[in-house]
Every structure is written in C-alpha cells, then in structure tokens.
Amino acid sequence: MSFFASNQYDVVVCGAGPAGLMAACTLGRKVSGARRILLLDKKEPWKEPIFCAEAVSTNRLKGLWPIDRSWVRQDLSGIYFTSRSRRRAEFYSKDCGLLLDRSKFHKSIADECVKAGVECHFDTVVKKLDRQNDEWSITVSVNGTEEILRAPVVVDASGPGARLTKNVACLEGIESGDTDLEPAIFAVAEGIEHSPEHIELFFGSDFPGGYGWIFPRDGKEVNIGFVLGKDAKLEISNREKLMNFLAEEYPQAKVKAVYGGMIACGQSDKPIAKCGLFKAGDSASCVNPISRSGITESLLCGKIVGESAFDWLNAPVAERPAVEDRAHRIWMEKMGKSHMQIARGKAGFNQITDEQFNKAAERLSKLPREKQTLFRIFFNVLWASPSLVWKLRSFLHW
C-alpha cells in the first residue's frame with residue numbers, strides 16, 4: 001500500500017524550509033489544482049528547533065510574505081556592533097527588523113501549501129534521485145518502507161551540503177550547494193543581560209573569519225553563538241569555545257540547549273537549474289556571504305524557482321533550457337550579483353584587526369545614536385584600516 005496519492009507527479013519539492021515551502025506554495029497557487037505538486041520533508045518543519053538566529057528585514061519579508069503577528073517574536077529597533085574591547089556602536093532604526101518564531105512561520109506557509117492543493121508529507125526521507133527517460137525517479141522512504149516516485153521536475157530545497165544531488169551524472173556544472181560551508185554553533189540560554197529590541201554582533205579575533213551574536217527571543221532567552229570562516233583553525237572544539245566565551249563574558253548564563261553544524265555562507269555564479277531540476281535556498285548557495293543571512297533570500301529564491309518550474313512545465317521541450325537559464329538570471333539580478341560583490345570583499349573584511357575594530361567602535365560610540373548609521377559604521381571601520389579600501393573596492397561598487 002502506497003503512502004502517496006500517486007506515484008506520478010508534475011513537480012516534487014524536496015525540503016520544507018523557507019525555500020521549499022515558498023516554491024511549493026507558489027506552484028500550488030499557479031497551477032490551481034491542474035497539476036500534481038508534492039512537498040516532502042523528513043520531519044514536520046515546526047516540531048523541532050530551527051538552527052537559525054531567526055532575524056529578518058521587515059521590508060524584505062513584507063515584499064515576499066504577509067506578516068502575521070502570531071509568528072513574530074519581537075520587533076527589532078537596532079543592532080549593536082561590538083569590538084574585541086567590547087566597545088559598542090549602535091545602528092538604530094524603529095523598523096530595523098523582526099525576530100521570527102520560525103516554527104510557527106513555517107507552519108503558516110505549510111498551511112497555505114495545503115490550501116493551494118499541494119500534497120504534503122513531512123515524514124519522508126528522499127534517498128536518491130535518478131534521471132530516467134526524460135523524467136526524475138525519486139526514491140523515498142517512509143517509516144522504513146521505500147517507494148519510487150516519478151516527476152519531470154524536481155526542486156532541491158534540501159539545504160546545504162549537496163547531499164541529494166552531489167553524484168547525479170547529468171547535473172555537471174550546476175550549483176553544488178557546498179561552495180562555502182562554514183561551522184556555526186549557538187546556545188539557547190537565559191541569564192544574559194541584553195536589550196530585547198537589539199541584535200548584538202561581535203567582531204574580532206575571537207571569531208576568525210566570522211562573528212559572534214546575541215539574538216533576543218522572548219525577553220528572557222537569547223540565541224548566543226558564532227560562525228567561523230571555513231579555514232579557521234581552533235585548538236578546541238566549537239562547543240568548548242562557545243562555553244568558554246559564555247563563562248568569560250556571561251558567567252551567570254544558564255544554557256538550555258546547544259545546536260551546531262555546517263551552514264551555507266556563499267554565493268556562486270553557477271546555474272541553479274538543469275534537466276528539470278531546480279535548486280533553491282541554501283542548496284543553491286543563495287546566502288549573504290558576510291552576514292550569512294538566508295531567510296528572505298530563501299523565500300525569494302523559492303518564489304523564483306516556483307514560477308520558473310511552472311513556466312518549464314508549460315514550455316515546449318526545446319525551450320525548457322532557456323527557462324532554466326532565466327531562473328538563474330532572475331536570481332542574479334535580484335540578489336545574486338550583490339552577493340557576488342560582497343563575496344569578493346569578504347577576505348578583505350576578515351583581515352581587519354582587533355585594533356582597527358576597536359578604534360572604529362570607540363569613535364562611533366561617541367556619536368549621538370541618530371548619527372550612527374550603517375553607512376557611517378561601515379566607513380569608520382574602513383577609515384581605521386585605509387589599506388583595505390582598495391581590497392574592498394568591488395564590494396563598495398567603486
């Protein structure tokens with residue numbers, strides 16, 4: 001007995017994070033029941049902790065999905081940029097951003113997928129993809145029982161690492177999803193003094209190639225952690241490093257849980273679609289290379305991929321490669337080119353020393369809050385390190 005309504009679908013979406021949910025919902029709404037759309041994930045996307053700091057730009061999110069206060073944890077009014085000497089510069093904006101309850105947010109999009117006629121299974125492991133007779137064969141496992149599904153289009157929104165499509169022969173040249181994986185770790189903790197309306201970001205040699213953070217959650221708990229550059233070499237584990245940081249800076253902290261893993265942190269110029277397979281979100285490395293933000297990026301990429309998959313289904317066979325190329329071009333025009341410029345400046349940014357960060361933060365901390373704009377914060381860091389301006393010229397659009 002099959003767990004599915006059919007073994008033949010028009011589109012199978014693998015992964016129910018923001019990218020997969022958005023792709024499936026976009027497709028479901030566009031086909032209006034005329035096509036079979038299947039969304040798969042190995043777990044219900046709202047029943048386990050989300051490995052993310054949960055912050056988004058209000059304006060960017062608003063342009064992609066209606067904001068429902070039921071899944072907003074907190075409004076943000078600013079960001080603290082903190083140097084190694086613990087000098088702070090503050091970027092203040094009343095509508096700086098939002099902290100999401102990602103579990104509730106995912107559930108709301110999944111509910112819309114169901115309303116749009118998408119068949120959803122959140123108990124299914126996608127084990128293998130094969131290209132056979134101009135369509136995809138998808139081997140899945142539900143409760144240990146394997147089945148084979150078929151579809152002309154697959155959306156890989158399974159996250160970083162390229163495990164799903166890494167060894168598929170016909171996908172040479174497509175974005176691999178593992179171009180820039182970096183280690184990240186965070187704890188959910190209480191007893192840490194913080195502003196419930198501010199994110200705090202830590203820069204300097206404590207976090208080589210990356211940065212540390214405190215994200216408020218509910219006024220009591222915080223998400224505190226760090227991401228490091230992929231080439232960072234530590235003499236201790238990331239967990240030990242996090243525990244040492246907490247013991248030194250926040251000895252009263254009560255750690256409730258610790259999570260860690262490799263996260264996508266890059267952007268490449270490789271195609272994101274080929275042979276009817278579309279990559280979205282972290283699988284397509286659609287992530288800001290310096291901030292490592294990826295929620296709104298995944299939503300946008302999922303929307304582009306959903307619309308492109310719809311066009312692919314309705315295009316003559318000879319025109320389908322052009323639809324795949326167009327999906328990549330649209331992403332690059334919307335965010336990808338900007339990400340590529342940021343990526344070119346990443347190495348130079350990582351060379352800024354503690355002394356230079358400290359000097360910039362000290363200068364900025366003396367300014368009135370309303371004058372501590374992101375533009376002024378960034379250029380004060382560069383002013384403290386003029387030799388890096390030339391290295392970061394592409395990032396600055398010079």
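Tutor: Strand β4 and strand β12 (residues 198-202) run parallel as a pair, with five bridges. This is a predicted model, where local features need pLDDT of at least 70, side-chain atom pairs count only at pLDDT 80 or more, and totals for chains, interfaces and linings use all residues. Residues are numbered from 1 along each chain as its sequence is written, and side-chain values use heavy atoms, with hydrogens and water left out.

Student: What makes β4 and β12 a pair?

Tutor: Two strands pair if DSSP finds at least two bridges between them. β4 and β12 have five bridges, so they pair. In β12, H198 is the bridge partner of G78.

Student: How do you know that β4 and strand β5 (residues 88-100) pair?

Tutor: Nine bridges join β4 and β5, in the antiparallel sense. D75 stands opposite L98 in β5. Their hairpin has five residues between the strands, and R86 takes a positive phi near 70° there.

Student: Why is β4 called largely enclosed?

Tutor: Buried means under 20% relative accessible area, exposed over 50%, partly exposed in between (1.4 Å probe, protein chains only). Eight of the eleven residues of β4 (residues 72-82) are buried, so the rest of the structure largely encloses this strand.

Student: Why is A322 called partly exposed?

Tutor: Because its relative accessibility is 42%, A322 counts as partly exposed. A322 is in helix α6 (residues 320-349); helices are DSSP runs (H or I, at least four residues), strands likewise (E, at least two), numbered from the N terminus.
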